[in-house]
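Take a look at the sequence and the model below.

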Amino acid sequence: MIIVMRTDADLEDVKSVKNKILGIGLEVYESKGLNYHLIGIVGDTSKVDAESFRAIKSVEKTIHVQEPYKKASRLFHPENTEIHVGTKTIGGDKLAIIAGPCSVESQSQILEVAIQVKKAGGGFLRGGAFKPRTSPYSFQGLGEEGIIFLKNAKQATGLPLVVELMSVEQIEMYEKDIDIIQIGARNMQNYELLKVAGQTKKPVLLKRGISATIEEFLLAAEYIMAAGNDSVILCERGIRSYDNYTRNILDISAIPAIKRLSHLPVIVDPSHASGIWWMVEPLAKASIAAGADGIMVEVHNDPQRALSDGKQSIKPEKFSHLMKSIEEIARIQNRRI
Ligand code: PEP
Ligand code: MN
């Protein structure tokens, strides 16, 4: 529930509203701008009597938020959230371009790809060190050695690192070495992992679960935010459907839907969404045209020999081409790359 205060609200009234909320054992989340002053009630508001707040003079109105998420809701936070990572911003005019291999395979591989990504104008380097593979017999990632290789690639190129966190125990290492903590589709509803990611100060890139509704996706973001971390980037990466021509179905409609429901930045991963290298560029273009704040793309210097997701990985030359074609779409959208 949200209490809309008059913009000229009396300080005593604001205090009364807050004390009333705290008195019921719920949390206060305040947001104030030039033309609005909102006090959100966080927690189980099912038994809160909205009418009783209206007795306080400076209360303009009370709004029942239908959606069960609050911190992630645009209703409560009208402006787009911009997330700062070093000198870069995600969710602003400039699109976030995250690229790199599915898995880190060797020092030379990640370094070579990082250099090419940087050369083509990519902003962030991705690479998995601990891999969530469907089969236990598939390559599981290089583990901590992979993190070291990623750090070296960052040192050489300056590209911030986006790496998937797989277990609660690894959080300290990620907090120290990784710039954006990725929570993968398979772990979108791993609530302990979400809470731990929420306790860090690092931005979190949360991928949509393969069968998650938009509401479940936003509630997963709410877990991270409720634990204290407001820097969440949402990533649409395709959902499971009946057609198996593509690996998943890219839910383009999720982009405008989430942008309407939430203030958080939304990016798209066309690589996992399609599972097919030649679809990555058209889907990336469509995503930017639909309003995405960026893309995450798998780039490999030798896709045929990749240890994971080779068939959806594009070569650096193709990535460079993709960058040029999304630049045109970005311009139409008043964005830049
Ligand atoms: C990945 O980005 O490496 C990955 C495993 O993606 P997802 O969690 O979307 O399957
Ligand atoms: Mn992959």
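Ligand 1 takes up the space of the largest pocket. A pocket is found on a 1 Å grid over the protein atoms alone, as an open set of points with protein on both sides within 12 Å along at least five of seven lines. A molecule sits in a pocket if more than half of its atoms lie within 2 Å of its grid points.

This is a predicted model: local features need pLDDT of at least 70, side-chain atom pairs count only at pLDDT 80 or more, and totals for chains, interfaces and linings use all residues. Residues are numbered from 1 along each chain as written, chains are lettered from A and ligands numbered from 1 in the order written, and side-chain values use heavy atoms, without hydrogens and water.

Which residues are around ligand 1? Among them are Arg 126, Lys 131, Glu 164, Ala 185 and His 272. Being near means having a heavy atom within 4 Å. The shell divides into three nonpolar, three polar and six charged residues. Here Asp, Glu, Lys and Arg count as charged, Ala, Val, Leu, Ile, Met, Phe, Trp, Tyr, Cys and Pro as nonpolar, and the others, Gly among them, as polar.

Now look at the polar contacts (N or O atoms within 3.5 Å). A side-chain N or O atom of Arg 126 is 2.8 Å from a ligand 1 oxygen. For a polar side-chain atom of Lys 131, the distance to an oxygen of ligand 1 is 2.9 Å. Ala 185 uses a polar backbone atom, 2.7 Å from a ligand 1 oxygen.

Finally, turn to the strands (DSSP runs of E, at least two residues, numbered from the N terminus). S2 (residues 27-32) pairs with S3 (residues 37-42) in the antiparallel sense, over six bridges; pairing needs at least two bridges found by DSSP. Val 28 has Ile 41 in S3 as its bridge partner.

Notes:
A polar contact is a pair of N or O atoms within 3.5 Å; within protein, one must be able to donate a hydrogen and the other to accept it, and residues adjacent in sequence count only if both atoms are side-chain atoms. On a 1 Å grid over the protein atoms alone, a cavity is a set of points where a 1.4 Å probe fits but cannot get out, and a pocket is an open set with protein on both sides within 12 Å along at least five of seven lines; lining residues have an atom within 4 Å of a point. Helices (H or I, at least four residues) and strands (E, at least two) are DSSP runs, numbered from the N terminus.
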